[in-house]
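Biologist: I have the model open next to the sequence. Can you walk me through how it packs?

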Amino acid sequence: MLARPRVLALLGVGLAWSTPSPAVAAGPLASGPESAVALVRHEVPADVAVQMYVRPAGDQLTLLVRVPLESRRDVRFPLRADGALDLGAEELEDLLHEAATLWIAGYLSAFEDGRELDDERIVSIRLAIPSDRSFRSYDEAVAHLTGPRLAPGLGLRPDQAFLDVWLETPITDDAARFSLDPRLAHLGIETVSVIHLVLPDGAERAFRYVGDPGLVDLDPSWFAALIRFIALGVEHILGGLDHLLFVLCLVIPFRSVRGLIPVVTAFTVAHSITLVAAALGMTPQVLWFPPLIEALIAASIVWMALENILGAGLSRRWIVAFGFGLVHGFGFSFVLASQLQFAGAHALTALFGFNVGVEIGQLLVLIVAVPALSWAFTRAGERTGIIVVSVLVAHTAWHWMFERGATFLAYDVRLPVADADFAAAALRWAFLALVSLGAAWLLSGLIAAYRRTYLRTVRSPTSAP
């Protein structure tokens with residue numbers, strides 16, 4: 001049998017030979033959704049930014065909405081000979097009202113304690129010039145929507161104007177829990193919306209999302225936040241192919257749940273540490289950090305697959321799982337960071353729920369994967385099955401590693417400046433390293449005790465338990 005370094009070198013050469021060149025990987029010009037987008041781009045704006053304020057006060061829920069006027073399609077506004085809007089035309093107000101009703105009010109549903117609100121009415125409509133900054137705050141937006149209209153002689157083209165709308169709907173209690181279902185993705189190819197919730201006590205909370213987020217609890221209870229983020233964690237694991245392949249590589253050599261417990265526990269503890277660290281703002285705030293983590297996640301899959309192929313010992317696999325778990329935790333944090341805004345005042349509950357959801361997702365994968373692999377390997381041969389599955393996984397992850405690595409290398413990565421900010425960051429990372437080392441030390445003792453108690457019958461470190 002070939003020595004392990006020689007086998008590893010041969011596998012690396014084979015994977016490199018199978019890596020497609022950028023020209024081949026790119027392929028011909030797509031004829032699917034991308035080309036369809038190109039065909040309709042002359043009708044639908046490419047990028048649309050929506051700003052919104054939501055304020056419950058007294059017996060009314062107020063919604064102030066700003067959208068680009070060009071996102072209002074199927075409404076022909078009166079134009080002057082030079083192409084500018086005819087701001088003095090008699091029919092302009094009716095057309096703006098029609099556009100606001102058709103394209104904005106019809107796509108916003110508000111709920112009070114789960115009950116959908118109706119009797120929504122348009123209080124005021126205004127056009128705004130590109131330099132208008134009245135939506136910087138709720139009070140400024142109200143002043144603009146109750147102030148004078150634009151002068152009729154102003155030369156404002158439709159693709160420059162903003163449409164500002166004031167909507168109101170009656171409510172029974174401004175201290176109730178409100179939610180909003182904004183379906184405004186139809187306004188552009190990519191629609192980015194920012195919602196500001198202004199509470200009766202003056203406190204403000206912001207939400208930012210792309211497309212349609214579904215039902216958004218503007219001030220969720222702790223239980224609603226917990227359930228939402230548990231579901232998010234499960235969805236991320238089951239929908240994230242790279243994390244699924246890593247978990248698959250972890251379980252391939254094991255034939256029993258008892259043998260998997262140390263490995264899965266180490267991976268869980270490690271990614272929980274970095275997930276919490278990222279939620280506390282300990283990650284580098286630089287553009288190249290997420291691409292680096294994504295490349296390392298792909299590299300972790302390649303490493304685990306090659307270990308399976310070479311027949312590496314399993315007694316110390318928990319150490320590898322712990323090390324790569326630290327990397328995967330940062331990957332989980334990128335998903336959590338964009339969704340944490342929907343937790344309201346329950347960020348810690350959301351963090352806990354997301355982590356629980358990730359573990360539930362992993363357990364679901366293990367419940368399916370372990371019996372399925374055991375059944376398949378009894379028919380194809382255990383060693384042959386491990387090698388075949390690991391090679392297929394390594395081939396896929398190898399492509400990801402090169403693609404993501406190229407993305408990372410495209411950034412201008414520079415050495416940090418030795419200043420106060422760098423010193424503070426270094427202290428945070430030193431603390432994170434200390435916590436990680438302490439957790440690894442505790443795990444080593446617990447796993448040793450576990451094996452002495454429950455795994456006395458394991459044949460050898462290199463055989464599957």
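Modeller: Of the contacts in the chain with a separation of 6 or more, 79% are between residues 24 or more positions apart; contact means heavy atoms within 4.5 Å. This is a predicted model, where local features need pLDDT of at least 70, side-chain atom pairs count only at pLDDT 80 or more, and totals for chains, interfaces and linings use all residues. Residues are numbered from 1 along each chain as its sequence is written, and side-chain values use heavy atoms, with hydrogens and water left out.

Biologist: How many helices and strands are there in the chain?

Modeller: The chain has 13 helices and 10 strands. Helices (H or I, at least four residues) and strands (E, at least two) are DSSP runs, numbered from the N terminus.

Biologist: And what percentage of the residues count as buried?

Modeller: 45% of the 465 residues. Buried means under 20% relative accessible area, exposed over 50%, and partly exposed in between (1.4 Å probe, protein chains only).

Biologist: Helix 7 and helix 9, then. At what angle do their axes cross?

Modeller: Roughly 25°, and the axes come within 9 Å. Axes are lines fitted to C-alpha atoms, for helices over the stretch in contact, and angles run from 0 to 180 degrees between N-to-C directions. Helix 7 and helix 9 are therefore roughly parallel; that label covers angles under 35 degrees, with over 145 roughly antiparallel, 65 to 115 roughly perpendicular and the rest oblique.

Biologist: Which residues in helix 7 meet helix 9?

Modeller: Asp242, His243, Leu245, Phe246, Cys249 and Leu250 in helix 7, and their partners in helix 9 include Ile297, Ile301 and Met304. By class, this contact of helix 7 with helix 9 has eight nonpolar, three polar and two charged residues. Ala, Val, Leu, Ile, Met, Phe, Trp, Tyr, Cys and Pro count as nonpolar, Asp, Glu, Lys and Arg as charged, and the others, Gly among them, as polar.

Biologist: What about helix 10 and helix 11: what is the angle there?

Modeller: About 130°, with the axes 11 Å apart, so helix 10 and helix 11 are oblique to each other. Phe332, Val335 and Leu336 in helix 10 meet Leu351, Phe354 and Val358 in helix 11. That contact of helix 10 with helix 11 has six nonpolar residues, no polar and no charged.

Biologist: Which helix has Pro371, and how accessible is Pro371?

Modeller: Pro371 is in helix 11. Pro371 has 47% relative accessibility, so it counts as partly exposed. The C-alpha atoms of Pro371 and Val257 are separated by 9.9 Å, although the two residues are 114 residues apart along the chain.
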